[in-house]
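Please look over the sequence and the structure shown here. A short briefing follows, grouped by topic.

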Amino acid sequence: MHGDPTWVSGTHEHRASLNRFVCATPAKPLWDRRRGTHHPEPWSLAVQSWFRRLRPPLPASEGLLLGMVDDDVAAACHFGFDTSWEQFIVFAIGTSRDVQRRGLGSEALRLSLDILDQNRRRLEMDCGVFTRIHRSNTASRALFASQGFEYLGVEGDYENWVGTTG
């Protein structure tokens, strides 16, 4: 994957690209007779599966920002309102294995937060932005912390984080 991504809202035309999206290393679970099925970074495999299961167009309460290079998803961020329409949530964010560590995750998050802030202002809402991060996912913790998110606490394997818009 070469070149800078073009940032677009996910539509039904992106379903095939989402189905090919690979952000986990390795791309599939491993198997051995002692451990059975396993993955060294199960959170990255969960994010990859999250995006592959999405079927745009999404409901009005959600957004899907895609960084496209040619016909491939280089980076993706799925975000939206909670079920009560009172808070924003970043559901998932991922960067293709081919372009990781080039700042595309940070760009996707920043652009998504801009969209969320525009919606917050348009709807005259006063709310934070929440996300959940697997406690072993140091890259995501660093990404969200760099955008001003703060750690709230842990529930099981996941940490809750909150940020503000605007």
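Predicted model: local features only at pLDDT ≥ 70, side-chain atom pairs only at ≥ 80, totals over all residues.

Residues are numbered from 1 along each chain as its sequence is written, and side-chain values use heavy atoms, with hydrogens and water left out. An open sheet of seven strands carries mixed pairing. Helices α3 and α4 each lie across several of its strands. By the rule given below, the salt bridges number five.

**Sheet**

- The strand order is β1-β4-β5-β6-β7-β9-β8.
- Helices (H or I, at least four residues) and strands (E, at least two) are DSSP runs, numbered from the N terminus.
- Two strands pair if DSSP finds at least two bridges between them.
- The edges are β1 (6-9) and β8 (150-155), each of which pairs on one side only.
- From one strand to the next, the twist averages 25°.
- Strands β4 (residues 62-69) and β5 (residues 72-81) run antiparallel and are joined by eight bridges.
- Leucine 66 stands opposite alanine 76 in β5.

**Helices on the sheet**

- Helix α3 (residues 104-122) lies across β1, β4, β5, β6 (88-95) and β7 (128-134).
- Its direction is at about 155° to β6; axes are lines fitted to C-alpha atoms, for helices over the stretch in contact, and angles run from 0 to 180 degrees between N-to-C directions.
- Helix α4 (residues 138-146) lies across β6, β7 and β9 (158-164), at about 165° to β7.
- Contact means heavy atoms within 4.5 Å.
- At 1.5 Å a residue, the 19 residues of α3 should span 27 Å, and its end C-alpha atoms are 27 Å apart, which agrees. The expected span is 1.5 Å times one less than the number of residues.
- The buried residues of α3 include Leu104, Ala108, Leu109, Leu113 and Leu116. Buried means under 20% relative accessible area, exposed over 50%, and partly exposed in between (1.4 Å probe, protein chains only).
- The cover over the buried residues of α3 includes β1, β4, β5, β6, β7 and α4.
- Just after α3, glutamate 124 takes a positive phi of about 50°.

- Phenylalanine 51 lies in helix α2. At 0% relative accessibility, phenylalanine 51 counts as buried.
- Leaving aside neighbours within four places in sequence, the contacts of phenylalanine 51 are Leu18, Phe21, Leu64, Ala76, Cys77, His78, Ala92, Ile93 and Gly94.
- Phenylalanine 51 and histidine 78 are 27 residues apart along the chain, and their C-alpha atoms are separated by 8.1 Å.
- Serine 61 is found in the loop between α2 (42-53) and β4. Serine 61 is buried too, with a relative accessible area of 16%.
- Leaving aside neighbours within four places in sequence, serine 61 is in contact with Phe79, Gly80, Phe81 and Trp85.

**Salt bridges**

- A salt bridge is a side-chain nitrogen of Lys or Arg within 4 Å of a carboxyl oxygen of Asp or Glu.
- Aspartate 72 and arginine 20 form one of them (3.3 Å, N to O). This pair links distant parts of the chain: aspartate 72 is in strand β5 and arginine 20 in helix α1 (residues 15-20), 52 residues apart.
- Aspartate 72 is partly exposed at 31% relative accessible area, and arginine 20 is partly exposed at 43%.
- Arginine 135 and aspartate 157 form another, with the closest N and O atoms 3.0 Å apart. Here too the pair links distant parts of the chain: arginine 135 is in the loop between β7 and α4, aspartate 157 in the loop between β8 and β9, 22 residues apart.
- Arginine 135 is partly exposed at 45%, and aspartate 157 is partly exposed at 37%.
- Arginine 120 and aspartate 117 meet in a salt bridge (2.7 Å, N to O). Both lie in helix α3, three residues apart, about one turn of the helix.
- Arginine 120 is buried at 15%, and aspartate 117 is buried at 12%.
- Asp117, Arg120 and Arg121 are linked in a network of salt bridges.
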